[in-house]
Structure formats: C-alpha cells, structure tokens
Amino acid sequence: GEQQTVNSRRRGFTAIRLRHAYLAMATVAFGVIFDAVVQEWTAITGGVGGIGSIPAPRLMGWEIRSDLSYCYLVWAFAFLVIVFVRNIVSSPAGLALHAIRENEMSARVTGIDVSSYKLRVFGLSALLAGLAGSLFAHHQRFVGPGSFSVHISLILVTMVVVGGAGKVMGSLLGA
C-alpha cells in the first residue's frame, strides 16, 4: 500500500515534479538523448543504419501489404484508442486527471494522489506511443534515427497544441 506508493514516487520523482514549459523542455532533452543513444548503440538499434527488413503486420493469419488495408488497420486501432481514452476521461480517474491539470495543489488538497496519477498517465502515454511506433515501423518496414528526430517530436507536439491539448478529438483534428 503506502510503501508501494512511496517507491513509485521515487521512480518517477523527477518527471512528476516538472510542469508546463519545464516538462516540455525535459521531453525535448530526453528526445535529444534518445537520438544519441539510438545512433551509438549499434548492437540494438543498428546505429545510423537503422533497423530494416521489418515484416509486414499479420492479423489473424492475414498479412497486411496494401496501403488501403494498412489504412483500415490504423483506423481500427485509432478507433479503439479513442474509445479507450474517452472512457478514461469520463471515469473517476479522468476527473482526477482533469483536477490535476487545472490546479495540482487543489487536487492534492482534496486527497488525490497526484504523483500516482501522473506516473500512471506517463505509463499509459508510453503504451500508446509504443503502439503507434509499432504500427509506424511495420508500415515503413524501416526505422532509423531520422524516424524519431527532435523535428518529428516538435511536429507531433504542434499537432496536439493546434488540435487543443486536453481534448480527445483535438489531437486527431490537429494531426
């Protein structure tokens, strides 16, 4: 119970203390570090040569090769993710996250475990980013350092800002 909460706070301590522009700067800095690691860790990432020959996705024995069938696959995943996220937003956890976004101190005073919710959201974000990255890699059949550059990260953040941060459909419309 309480010991587990303390341990989870220690693991995510740095990330959960950052807010607004500082969190954005830390995210960009992490991207720069990640880019350097990808280029230098040739045994795992292939270095500047990247990883090629990624197979086409297979779904229930069906290999997805055409752009149209891949488009259907991506939209099916997008639909499931949108439904999943909308359910989270309208749940008690979503209300807690909304309270944290509006005023973290007030949320903390009302008894919301801000650190725990932030760590869970970071984890969920990583899961969804991993899913998107997997779909991307299987479509391109190649990933390299240029696939995940700081420039691409800034484009993705711009999409969220243009669409409206904090809105489920906003990110989709921003893209």
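**Entry 1, the whole chain.** I reminded myself at the start that this is a predicted model. I counted elements and found ten helices and two strands. Reading from the N terminus, I noted the order α-α-α-α-β-β-α-α-α-α-α-α. For the extent, I took the C-alpha trace along its principal axes, and the span is about 50 × 35 × 35 Å. I then checked burial: of the 175 residues in the chain, 22% are buried. I also looked at contacts between residues at least 6 apart in sequence, and 58% of them join residues at least 24 apart.

**Entry 2, H5 against H8.** Two packed helices are described by the angle between their axes and the distance between the axes, so I looked up both. Helix H5 covers residues 67-89 and helix H8 covers residues 114-140; their axes lie 11 Å apart, at an angle of about 175 degrees. An angle over 145 degrees counts as roughly antiparallel, so that is what I wrote down for H5 and H8. Next I listed who makes the contact. From H5 I have Asp67, Tyr70, Leu73, Phe77, Val81, Phe84, Val85 and Ile88, and from H8 I have Leu124, Leu128, Leu131, Leu135, Phe136 and His139. Sorted by class, the residues of this H5 and H8 contact come out as twelve nonpolar, one polar and one charged.

I stayed with H8 and turned to its pairing with H6. Here the axes come within 10 Å and cross at roughly 105 degrees. The range of 65 to 115 degrees counts as roughly perpendicular, so H6 and H8 go into my notes as roughly perpendicular to each other. On the H6 side the contact uses Ala93, Ala96, Leu97 and Ile100, while H8 brings Val114, Tyr117, Lys118 and Val121. I sorted these too, and the contact of H6 with H8 has seven nonpolar, no polar and one charged residues.

Is Leu95 buried or exposed? Its relative accessibility is 58%, so Leu95 counts as exposed.

I searched the whole structure for cavities of 30 Å³ or more and got one. The largest cavity has a volume of about 30 Å³. Which residues line the largest cavity? I found Thr27, Val28, Gly31, Val150 and Ser153. Helix H3 (20-40) and helix H9 (150-163) each supply at least two residues of that lining, and H3 gives the most, with three. By class, the lining has two nonpolar, three polar and no charged residues.

Last, I looked at backbone angles in residues other than glycine. Ser53 has a positive phi of about 60 degrees. Ser53 is in the loop between helix H4 (42-45) and strand S1 (58-59), and with a relative accessible area of 75% it is exposed. Arg141 also has a positive phi, near 65 degrees. I placed Arg141 in the loop between H8 and H9. With a relative accessible area of 28%, Arg141 is partly exposed.

Terms used:
Residues numbered from 1 in each chain as written. Predicted model: local features only at pLDDT ≥ 70, side-chain atom pairs only at ≥ 80, totals over all residues. Heavy atoms only, no water. Axes fitted to C-alpha atoms, helices over the stretch in contact; angles between N-to-C directions. Helix = DSSP H or I, 4+ residues; strand = E, 2+ residues; numbered from the N terminus. Parallel < 35°, antiparallel > 145°, perpendicular 65-115°, else oblique. Contact = heavy atoms within 4.5 Å. Nonpolar A, V, L, I, M, F, W, Y, C, P; charged D, E, K, R; others polar. 1 Å grid on protein atoms, 1.4 Å probe; cavity = no way out; pocket = protein on both sides within 12 Å on 5 of 7 lines; lining within 4 Å. Points joined across faces, edges and corners; volume = space filled by probe spheres on them. Buried < 20%, exposed > 50% of the residue type's maximum accessible area, 1.4 Å probe, protein only.
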